[in-house]
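User: I want to learn how to read the features of a protein model. Please take them one at a time.

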Amino acid sequence: MASVLIWAALFYVLLQQARSQSCGTGSTDCKCLWTDPKTSKSYMLDISKFFPYPYSVPTSGVYNYFYTPCETISCAATTSNVCQKSISTPTTQYNCGFGPVWNVTSSIYYVIKYTNGGRVTTVTFIGSSSTKAASASPVVEGPTSKYSFTVNFPAASSSGRDVSGFVGFILISLIFVAFVAYFVAGAVIMYNKGARGIEMIPNIGFWKDLPFLIKDGGLFVLSPCLGQKFSYTKM
């Protein structure tokens, strides 16, 4: 049973490490639920509230860039999350990526990549307590077919909650399952040995003595406070 609990604990640690670089269960294209492996706190970043979408990202070039993280739009006759349109000829369009891939470094640093063939758009979200409202930097193009821009957002937008209670629930559940398996397997073994009724309980002598052992242990610990000397029989 000890080996089962050890493997379960290792699995949980590995799962937490995996979540430290990606979004967890409950995330969507525009929401990322990430658990900090060091503190076991969970953070939700919801970028749907930052701008009205489609959002026209600032640019100093000859193209407009429209960003829609929560749903795709039609761009160059394909579905897209980032669409590049010529300012002079709006019908000239290029799909700069779709299908977000999140990567999380901390509760205030998120990176999303959108890909369409050789075109890749990287959007970096950086949180700060001094930022009052979300704002985006101009799009940077380069090298060829690679686009990037940064969104600064209020750090409070990525709110954290303690999930240590959930971890405790998992551990208690594992211990309960281990005890059930211990009694069931022990009862089967004792039955095969000819035991019946209460005698099928594994280590029945120990379980019968357990209440008295707990009582003696409690009296031994409390005896200095009660002004009594508690003795025990040496084995």
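Analyst: A salt bridge is a side-chain nitrogen of Lys or Arg within 4 Å of a carboxyl oxygen of Asp or Glu. By this rule the count comes to one salt bridge. The model is predicted: local features need pLDDT of at least 70, side-chain atom pairs count only at pLDDT 80 or more, and totals for chains, interfaces and linings use all residues. Residues are numbered from 1 along each chain as its sequence is written, and side-chain values use heavy atoms, with hydrogens and water left out.

User: Which residue forms a salt bridge with Lys31?

Analyst: The general idea comes first. Side chains of opposite charge can pair when their charged atoms come close. Here Asp46 is the partner of Lys31, and their closest N and O atoms are 4.0 Å apart. The pair links distant parts of the chain, 15 residues apart: Lys31 is in strand β1 (residues 31-35) and Asp46 in strand β2 (residues 41-46). Strands (E, at least two residues) and helices (H or I, at least four) are DSSP runs, numbered from the N terminus.

User: Is Asp46 buried or exposed?

Analyst: Buried means under 20% relative accessible area, exposed over 50%, and partly exposed in between (1.4 Å probe, protein chains only). Asp46 counts as buried because its relative accessibility is 11%. Lys31 has 32%, so Lys31 counts as partly exposed. Across the protein, buried residues make up 29% of the 235 residues.

User: How do β1 and β2 pair?

Analyst: Two strands pair if DSSP finds at least two bridges between them. β1 and β2 have five bridges, in the antiparallel sense. Lys31 has Asp46 as its bridge partner in β2. The two strands form a hairpin with five residues between them. In the turn, Ser40 has a positive phi of about 60°.

User: Which strands form an open sheet, and in what order?

Analyst: The order is β3-β4-β7-β8, with antiparallel pairing. β3 (55-57) and β8 (93-95) stand at the edges with a single partner strand each, so one side of each has no neighbour in the sheet. From one strand to the next, the twist averages 30°. For that angle, axes are lines fitted to C-alpha atoms (for helices, over the stretch in contact), and angles run from 0 to 180 degrees between N-to-C directions. Strand β7 (residues 82-86) pairs with β8 over three bridges. Gln84 stands opposite Tyr94 in β8.

User: Which residues does Thr124 touch?

Analyst: Contact means heavy atoms within 4.5 Å. Leaving out residues up to four places away in sequence, Thr124 touches Tyr109, Tyr110, Val111, Phe149, Thr150 and Val151. Thr124 lies in strand β11 (residues 119-128). At 12% relative accessibility, Thr124 counts as buried.

User: Which residues form a nonpolar patch on the surface?

Analyst: Patches are made of residues with over 30% relative accessible area and no salt bridge; like charges are joined within 9 Å, nonpolar side chains (Val, Leu, Ile, Met, Phe, Trp, Tyr) within 5 Å. Here the members are Phe176, Val177, Val180, Val184 and Val188, with about 460 Å² of accessible area together. Such areas come from the Shrake-Rupley method with a 1.4 Å probe; for residues, only the protein chains shown count as cover. Val177 is in helix α2 (residues 164-192). Val177 counts as exposed, at 52% relative accessibility.

User: How many helices and strands does the protein have?

Analyst: There are three helices and 15 strands.
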